[in-house]
Amino acid sequence: MGREFLDLVDISEAHKIIRNLFKEIYHPPRMEKVNLKNAYGRVLAQDVKSPIDLPPFNRASRDGYALKAEDTFHASEDNPSTLKCIEVIEAGDIPQKKVKRGCCSRISTGAQIPEGADAIVMVEYTEEDDDNILIYRSAYPGQHITPKGSDIPKNDIIARKGSILSPEKIGAISAAGISKVPVIAKPKIGILSTGNELIEPSNDQAPGKIFDSNSHSIAAAVKNCGCEPKILGIVKDDYKELSKAIREGLLECDILITSGGTSAGAGDMLREVIHDNGEVMIHGISIKPGKPTLIGKVDGKLVFGLPGFPVSALIIFDVLLRPYLMELSGKTPLGYHTIELPLAHRLHSSKGRIHYALVKVKNSKVYPILKDSGAIASLADADGYIKIPKNVEILEEGSKVKVSPFLPYEC
Ligand code: AMP
Ligand code: MG
């Protein structure tokens with residue numbers, strides 16, 4: 001069959017197709033249990049409830065004397081109450097003696113309140129006098145006592161489904177004695193680079209060859225979306241090799257992202273390979289850069305063919321894949337906002353296609369980066385991109401544009 005583009009689809013149609021594919025193939029998301037040690041940044045797949053009361057016992061929140069508040073009601077600097085100390089309770093001890101009227105127990109912060117006591121007077125307001133303790137301040141019932149279950153009652157939700165496990169949430173979960181948590185399994189994304197001209201960056205430079213940069217930039221972008229990238233390497237523009245690499249890659253990955261070989265040139269194999277091994281859903285999107293994008297299905301899984309040009313590959317990733325990968329990994333693009341700023345100078349666009357232009361933001365102005373989509377330097381220099389509607393040919397200096405930033409996202 002020919003490799004010519006099918007009908008170009010517009011971007012909203014592409015989104016619709018991709019959204020439906022994600023829903024059909026990857027819903028509901030997989031869940032796994034991870035040790036708390038490895039839980040930072042992961043997304044909770046279920047509510048986590050506390051199996052215990054927290055604190056698990058009435059607990060001292062100050063160093064001092066545990067006593068009956070009524071024994072101190074008339075205590076003052078001039079007229080201290082005199083109580084008998086019957087026990088010393090350190091954190092971790094189990095109190096042995098009941099505190100009765102006229103008695104008290106020395107207690108440390110974090111220790112369990114002995115039976116009979118209902119308040120603590122801080123050690124600063126007391127004085128030892130042989131076996132007696134002089135109490136110089138009155139206390140109210142409950143003073144400096146954290147009641148059992150007052151922090152988190154048993155069966156209360158500590159962290160909700162969908163929340164990202166922050167240090168604070170991990171702290172609360174471990175305080176409840178939970179060591180494993182149910183999280184959304186990180187989708188595994190295979191990454192293949194295609195092209196006879198490509199060599200690994202670890203190789204020596206060779207005539208006619210270029211280093212594969214897409215594998216690495218896409219892997220970082222995938223990680224950025226909360227997914228697990230697996231770089232599968234470089235494949236030649238060879239029908240058999242490419243078919244084999246795609247099928248093998250899909251055995252161990254949920255989604256496969258390829259780059260290169262999506263156009264209609266002699267060496268561009270992807271369309272034929274996907275057609276013969278599965279189904280091509282989209283070939284060609286009316287945007288710039290990134291027209292030669294291919295979306296298909298092989299073995300019931302999604303294959304996303306990005307164009308080879310590094311800028312095109314990353315912009316298409318950002319526009320068409322990032323939102324869905326983030327949703328799949330549970331890292332819904334919270335705070336993924338555009339920033340509206342004026343253009344620093346006039347910008348020409350091509351009519352008829354939505355145009356995504358790389359930009360740099362400096363002194364609250366937007367500077368378009370005017371290089372073609374093969375230019376690596378423009379990528380490294382860019383802070384984000386702007387979207388120019390298809391019917392706009394010129395954007396005047398000073399006109400307000402919305403910048404989609406290449407956000408660093410914590411993984
Ligand atoms: P293609 O989409 O295969 O026609 O490639 C378009 C351009 O992108 C060519 O100049 C390729 O050499 C370049 N290219 C393709 N794949 C990669 C890659 N993995 N890393 C860097 N450049 C690439
Ligand atoms: Mg190629």
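Tutor: Let's begin at one contact: ligand 1 has an oxygen atom 3.2 Å from a backbone N or O atom of Phe309. A polar contact here is a pair of N or O atoms within 3.5 Å; within protein, one must be able to donate a hydrogen and the other to accept it, and residues adjacent in sequence count only if both atoms are side-chain atoms. Taken alone, ligand 1 exposes 480 Å², and the protein buries 79% of that (Shrake-Rupley areas with a 1.4 Å probe; for residues, only the protein chains shown count as cover).

Student: What should I know about the model before going on?

Tutor: This is a predicted model, where local features need pLDDT of at least 70, side-chain atom pairs count only at pLDDT 80 or more, and totals for chains, interfaces and linings use all residues. Residues are numbered from 1 along each chain as its sequence is written, chains are lettered from A and ligands numbered from 1 in the order in which they are written, and side-chain values use heavy atoms, leaving out hydrogens and water.

Student: Which residues come nearest to ligand 1?

Tutor: A residue is near a molecule if one of its heavy atoms lies within 4 Å of it. Of the 14 residues around ligand 1, the nearest are Glu197, Asp212, Ser213, Gly261 and Gly308. Ser213 has a polar backbone atom 3.0 Å from a nitrogen atom of ligand 1, and a polar side-chain atom of Ser193 is 3.3 Å from a nitrogen atom of the ligand.

Student: How do I read the largest pocket, and which residues lie nearest its centre?

Tutor: On a 1 Å grid over the protein atoms alone, a pocket is an open set of points with protein on both sides within 12 Å along at least five of seven lines, a cavity is a set where a 1.4 Å probe fits but cannot get out, and lining residues have an atom within 4 Å of a point. The largest pocket is the space taken by ligand 1 (more than half of its atoms lie within 2 Å of the grid points). Its lining has 24 residues, with Glu197, Ile210, Gly308, Phe309 and Pro310 nearest the centre. The largest pocket holds about 420 Å³ of space, a volume being the space filled by probe spheres set on points joined across faces, edges and corners.

Student: Which residues line the largest cavity?

Tutor: Gly41, Arg42, Val43, Ile184, Lys186, Gly226, Ser329 and Lys331 do. This cavity has about 50 Å³ of space, and the count comes to one cavity of 30 Å³ or more.

Student: And what about the backbone?

Tutor: Most residues other than glycine have a negative phi, and most peptide bonds are trans. Here the bond from His27 to Pro28 is cis, with omega near -5 degrees. The bond from Leu54 to Pro55 is also cis, with omega near -10 degrees. His144 has a positive phi, near 60 degrees.
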